[in-house]
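The exercises below are to be worked with the sequence and the coordinates at hand. Try each task before reading its solution.

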Amino acid sequence: MTLAPVIAVVGPSGVGKDSVIEALEARAKGIQRLRRVVTRPEGEAGEDFRRVTDDAFRQMEGEGAFALSWHAHGLLYGVPKEIAQQRQVAEAVLVNLSRAVLLQAQEIFGDLIVISLTADASVLEQRLSLRGRESDSEQARRLGQAKTPLPKGLVRVIEVDNSGALQDTVAKILSRLQLESA
Ligand SMILES: Nc1ncnc2c1ncn2[C@@H]1O[C@H](COP(=O)(O)OP(=O)(O)O)[C@@H](O)[C@H]1O
Ligand SMILES: O=P(O)(O)OC[C@H]1O[C@H](OP(=O)(O)OP(=O)(O)O)[C@H](O)[C@@H]1O
């Protein structure tokens, strides 16, 4: 059975990864988002994710619960191995990934499309501040990592600027994805 592609949405903090994922899922029938496991502390909201403690995460990892996992912003993130079942029923599975794990993701998932979102530095700063999920110092730290480059060796990368309206970004992505599958 062929598995649907995994679409990794990546980019700096505040660029709009979760907003784009949510909007794409709503707009495109058949595209589903993946629910990540994150050790994000109580009180910090975010996308629809499964919150676990560090100990629970480590235990899950030891039991082989993740297809992919990584460490960023002092948190642990996991892609549950059930992504394989999701890829059997969906036309594509969207997931918010770290830029640091993209080559690993390409190796593990095989069929990987990377959507690399960009936005002007001033826009990022304003959006992180408006989101208000992290402290000012944590926001500043995340902004400091904004320019992390994508690794070399990725087969399919779609770069889209999300400095403008979300609906324009989503339209641009859908048209690029259609071109890809044509
Ligand atoms: N195109 C856009 N126009 C205006 N605000 C946006 C846009 N994309 C995202 N946002 C807002 O910016 C903030 C950060 O977006 P989010 O999706 O959490 O980014 P990320 O997941 O990349 O950190 C949120 O408050 C979100 O509502
Ligand atoms: O290595 P990087 O590409 O810089 O990514 C670091 C982390 O940032 C994002 O997490 P999260 O969505 O929790 O944070 P964000 O909304 O602030 O980007 C992304 O999913 C990674 O887990």
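This is a predicted model: local features need pLDDT of at least 70, side-chain atom pairs count only at pLDDT 80 or more; totals for chains, interfaces and linings use all residues.

Residues are numbered from 1 along each chain as its sequence is written, while chains are lettered from A and ligands numbered from 1 in the order in which they are written.

**Exercise 1. The annotated site**

Task: locate G11 and K17, decide whether each is buried or exposed, and list their contacts.

Solution. 
Step 1. The unreviewed UniProt entry annotates G11, P12, S13, G14, V15, G16, K17 and D18 as "binding site". UniProt positions are given in the numbering used here, feature names are shortened, and annotations may be inferred rather than shown by experiment.
Step 2. G11 lies in the loop between β1 (6-10) and α1 (17-27), and K17 is part of helix α1. Helices (H or I, at least four residues) and strands (E, at least two) are DSSP runs, numbered from the N terminus.
Step 3. A residue is buried if 20 or more other C-beta atoms, placed from the backbone, lie within 10 Å of its own, exposed if 12 or fewer, and partly exposed in between. G11 is buried because it has 24 C-beta neighbours inside 10 Å; K17 is buried because it has 22 other C-beta atoms within 10 Å.
Step 4. Contact requires C-beta atoms, placed from the backbone, within 7 Å. Leaving aside neighbours within four places in sequence, G11 contacts K17, S116, L117 and T118. With residues up to four places away not counted, K17 touches V9, V10, G11, N96 and L117.

**Exercise 2. The ligand shells**

Task: describe the residues around ligand 1 and ligand 2.

Solution. 
Step 1. A residue is near a molecule if its C-beta atom, placed from the backbone, lies within 6 Å of it.
Step 2. Ligand 1 has 15 residues around it, with G16, K17, D18, S19 and R127 nearest. Helices α1, α5 (121-131) and α7 (166-181) each give two or more residues to this shell.
Step 3. For ligand 2 there are 14 residues, and S13, A72, N96, S98 and R99 are the closest.
Step 4. For the classes, Ala, Val, Leu, Ile, Met, Phe, Trp, Tyr, Cys and Pro count as nonpolar, Asp, Glu, Lys and Arg as charged, and the others, Gly among them, as polar. The shell of ligand 1 divides into four nonpolar, seven polar and four charged residues, and that of ligand 2 into five nonpolar, six polar and three charged.

**Exercise 3. The sheet**

Task: give the strand order of the open sheet and its pairing.

Solution. 
Step 1. The order is β4-β3-β6-β5, with mixed pairing. β4 (50-51) and β5 (66-72) each have a single partner strand, so one side of each lacks a neighbour in the sheet.
Step 2. Strands pair if DSSP finds at least two bridges between them. β3 (residues 37-38) and β4 are parallel over two bridges, and V37 stands opposite R50.
Step 3. Helix α2 (residues 54-62) packs on the sheet and touches β3, β5 and β6 (75-80).
Step 4. β5 and β6 run antiparallel, joined by six bridges, one pair being A72 and L75. These strands form a hairpin with two residues between them, and H73 in the turn has a positive phi of about 55°.

**Exercise 4. A residue of α7**

Task: characterise the surroundings of L174.

Solution. 
Step 1. L174 belongs to helix α7 and is partly exposed because 14 other C-beta atoms lie within 10 Å.
Step 2. Not counting residues up to four places away in sequence, L174 touches R27 and A28. L174 and R27 are 147 residues apart in sequence, with a C-alpha to C-alpha distance of 9.2 Å.

Technical notes. Two residues are in contact if their C-beta atoms, placed from the backbone, lie within 7 Å. Axes are lines fitted to C-alpha atoms, for helices over the stretch in contact, and angles run from 0 to 180 degrees between N-to-C directions.
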